[in-house]
Amino acid sequence: MRILLVEDETSLGEMLTTSLSRHGIVVDVAPTLSIAREAVLSADYDAIVLDRTLPDGEGLTLLAEIKARPARCPVIVLSALGSLDQRIDGLDLGADDYLTKPFATEELLARLRAITRRPAAVMQEHIVLGGLAFDRGHRTAEIDGIALDLPRRELLVLEALILRSGRVVTRQTLEQAVYGYDDEIASNTLDSHISRLRRKLEPAGLEIHALRGIGYLLRQAG
């Protein structure tokens with residue numbers, strides 16, 4: 001899962017980035033509305049966590065632009081503005097959820113899981129392909145009931161591929177799913193993740209095919 005965190009408090013942004021990454025979530029941080037607008041236009045996100053009081057304006061003004069996108073992603077407003085009227089304003093303007101500060105990271109995680117399970121998010125929670133069972137909510141993968149040990153980035157590659165199994169996934173799509181825009185990506189890093197993942201999926205009867213110059217395809221062997 002890749003999310004955009006629109007938050008100008010540096011310490012909070014760093015804390016959430018560290019905490020959420022432990023749960024297999026890639027976090028891009030946008031400290032202003034202008035940077036958030038550029039991020040929304042340049043990448044596809046599974047969810048957006050949006051503060052309201054930003055240096056260059058009211059965060060809720062971004063909701064209309066997010067809703068106008070062809071592939072709209074769900075939005076959680078995360079704000080210290082927590083009166084009843086303020087929460088209603090956020091929800092009426094298009095937010096999918098509203099969480100007030102201070103908050104527990106565990107609750108934010110639970111709300112992220114909840115909004116990405118909704119039909120509008122077009123996401124599956126449990127996916128079975130061949131001998132592989134993938135649980136997006138708990139961030140786990142099993143082959144014939146035995147847990148598969150996957151580092152965070154390999155898990156993100158697998159998630160991006162299995163959600164599009166049987167279809168070619170471009171290299172750009174995989175890189176967007178696995179890396180934040182501040183991450184440095186070596187030329188062969190993604191290939192290394194794919195190579196290790198390919199070996200681990202063999203017992204499940206799955207193959208990852210490389211289509212030179214196009215991308216990768218996950219499908220059942222044979």
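This is a predicted model: local features need pLDDT of at least 70, side-chain atom pairs count only at pLDDT 80 or more; totals for chains, interfaces and linings use all residues.
## The chain as a whole

The protein chain holds eight helices and 14 strands. Its radius of gyration is 18 Å, close to the 17 Å that the globule rule gives for 222 residues, so the chain is as compact as a globular protein of that length. The C-alpha trace spans about 60 × 35 × 30 Å along its principal axes. Among contacts with a separation of 6 or more, 58% are made by residues 24 or more positions apart. The chain exposes about 11,000 Å², of which carbon and sulfur atoms supply 51%.

Strand β3 (residues 47–50) is joined to β6 by three bridges and runs parallel to it, with leucine 50 having valine 77 as its bridge partner. β7 also pairs with β6 in the parallel sense, here over four bridges, and leucine 78 stands opposite leucine 99 in β7.

Cysteine 73 is found in the loop between α3 (61–67) and β6 (75–79). With a relative accessible area of 8%, cysteine 73 falls under the 20% cut-off and is therefore buried. Not counting residues up to four places away in sequence, cysteine 73 touches Tyr45, Asp46, Ala47, Ile48 and Ile66. The C-alpha atoms of cysteine 73 and alanine 43, which are 30 residues apart along the chain, are separated by 11 Å.

The loop between β7 (97–100) and α5 (105–115) contains proline 102, and a cis peptide bond with an omega of about -5° joins lysine 101 to this proline. Most residues other than glycine have a negative phi, and most peptide bonds are trans.

## The antiparallel sheet β8-β9-β10-β11

Four strands in the order β8-β9-β10-β11 form an open sheet with antiparallel pairing. β8 (126–129) and β11 (146–147) stand at the edges with a single partner strand each, so one side of each is left without a neighbour in the sheet. Within the sheet, four bridges join β9 (residues 132–135) to β10 (residues 140–143), and leucine 132 stands opposite isoleucine 143 in β10.

Aspartate 144 is found in the loop between β10 and β11 and has a positive phi of about 50° although it is not a glycine. Its relative accessible area is 61%, and aspartate 144 is exposed.

Alanine 204, in the loop between α8 (189–201) and β13 (206–211), counts as buried at 6% relative accessibility. Apart from residues up to four places away in sequence, alanine 204 touches Gly130, Gly131, Leu132 and Ile143. Alanine 204 and glycine 131 are 73 residues apart in sequence, yet their C-alpha atoms are 4.3 Å apart in space. Glutamate 159, which lies in helix α6 (residues 152–162), counts as buried at 4% relative accessibility. Leaving aside neighbours within four places in sequence, this glutamate is in contact with Met1, Phe134, Arg136 and Arg139.

## The β13-β14 hairpin

β13 and β14 form a hairpin with three residues between them, and glycine 213 in the turn has a positive phi of about 80°. The two strands pair in the antiparallel sense over six bridges, with β14 covering residues 215–220. Leucine 206 stands opposite glutamine 220 in β14.

## Strand pairings side by side

| Strands | Sense | Bridges |
|---|---|---|
| β3 and β6 | parallel | three |
| β6 and β7 | parallel | four |
| β9 and β10 | antiparallel | four |
| β13 and β14 | antiparallel | six |

How values were computed
Residues are numbered from 1 along each chain as its sequence is written. Side-chain values use heavy atoms; hydrogens and water are left out. The radius of gyration is taken over C-alpha atoms; the globule rule is 2.2 Å times the number of residues to the power 0.38. Contact means heavy atoms within 4.5 Å. Accessible areas come from the Shrake-Rupley method with a 1.4 Å probe; for residues, only the protein chains shown count as cover. Buried means under 20% relative accessible area, exposed over 50%, partly exposed in between (1.4 Å probe, protein chains only). Two strands pair if DSSP finds at least two bridges between them.
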